[in-house]
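Dear colleague,

I am handing over the structure below, together with some notes on its charged side-chain pairs. Please read the notes with the model open beside them.

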Amino acid sequence: MRLIALMAAGLAICVIPAPAATHTQMFECPAGSSLWFRLRGGDVRVTRGTDPEHIVLRYTPDPKKPEEENKVQVRSDVHGSQVRLEIKAPASLSVDAEVEVPSPISLEVHMTGGDLAVEGVDGDKKLQLFAGDLKVDVGTLEKVRSAEVSVRVGDVDVPPIGEVHGWLGHTWRYQGSGQYRLYAHTTFGDAKLFTK
């Protein structure tokens with residue numbers, strides 16, 4: 001009986017996935033540049049970095065599928081003043097990413113599935129998700145010139161100002177006197193806007 005218990009314990013240990021390997025890459029981002037970022041599946045967190053001239057990307061493939069890790073590719077190029085980054089992975093592999101960016105920066109993010117959080121980054125933002133929750137910290141509303149936060153199926157959690165329309169889906173619009181524009185949309189999920 002003890003032998004069976006030891007074998008069962010050994011099997012349990014064998015199926016525990018190894019810690020996920022996190023990969024780090026840096027990309028030049030001169031002052032005045034913008035960032036376009038795309039990820040098919042996984043959670044993304046974008047934060048204000050400490051390096052004013054570089055974007056730091058850290059990504060972690062699903063540790064349950066180590067055999068697919070080497071199929072992940074990061075594609076980067078520059079179009080004018082726009083830095084374009086895309087994480088390519090098999091449809092069956094989820095990849096989580098953290099992106100540190102200079103601030104202010106114009107930011108455009110496209111995702112198919114996964115949650116997106118943007119924290120402490122000044123600048124225009126265009127954020128589009130198909131399925132996932134969206135959380136955006138815009139600092140103070142005094143920085144915002146125009147904002148639209150919308151969901152097709154889900155809820156919006158926004159400041160008690162501006163206008164919210166919709167029943168199944170919701171759209172919040174706000175006009176201010178600041179300098180930055182915000183467009184944030186998720187088709188299936190919730191959207192939350194943080195302000196100070």
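A residue is called buried when its relative accessible area is under 20%, exposed when that area is over 50%, and partly exposed in between. Arg 48, with a relative accessible area of 43%, is therefore partly exposed. Please keep in mind that this is a predicted model.

The structure holds 8 salt bridges, and I describe some of them here. In one of these, the side chain of Arg 48 meets that of Asp 122, with an N to O distance of 3.6 Å. Because Arg 48 belongs to strand 3 (residues 44-48) while Asp 122 sits in the loop between strand 9 (116-119) and strand 10 (125-131), the pair ties together parts that are 74 residues apart in sequence. Asp 122 counts as buried, at 15% relative accessibility. Arg 48 and Asp 122 are also linked with Lys 143 in a network of salt bridges.

A salt bridge also joins the side chains of Asp 124 and Arg 181, at 3.1 Å from N to O. Asp 124 lies in the loop between strand 9 and strand 10 and Arg 181 in strand 16 (residues 180-188), so this pair connects parts that are 57 residues apart in sequence. Arg 181 is partly exposed, at 43% relative accessibility.

Finally, Asp 157 and Lys 192 form a salt bridge in which the closest N and O atoms are 3.8 Å apart. Since Lys 192 is in strand 17 (residues 191-194) and Asp 157 in strand 13 (residues 156-157), parts that are 35 residues apart in sequence are tied together. Lys 192 is partly exposed, with a relative accessible area of 33%, and Asp 157 counts as partly exposed at 40%.

Notes: Residues numbered from 1 in each chain as written. Predicted model: local features only at pLDDT ≥ 70, side-chain atom pairs only at ≥ 80, totals over all residues. Heavy atoms only, no water. Salt bridge = Lys/Arg side-chain N within 4 Å of Asp/Glu carboxyl O. Helix = DSSP H or I, 4+ residues; strand = E, 2+ residues; numbered from the N terminus. Buried < 20%, exposed > 50% of the residue type's maximum accessible area, 1.4 Å probe, protein only.
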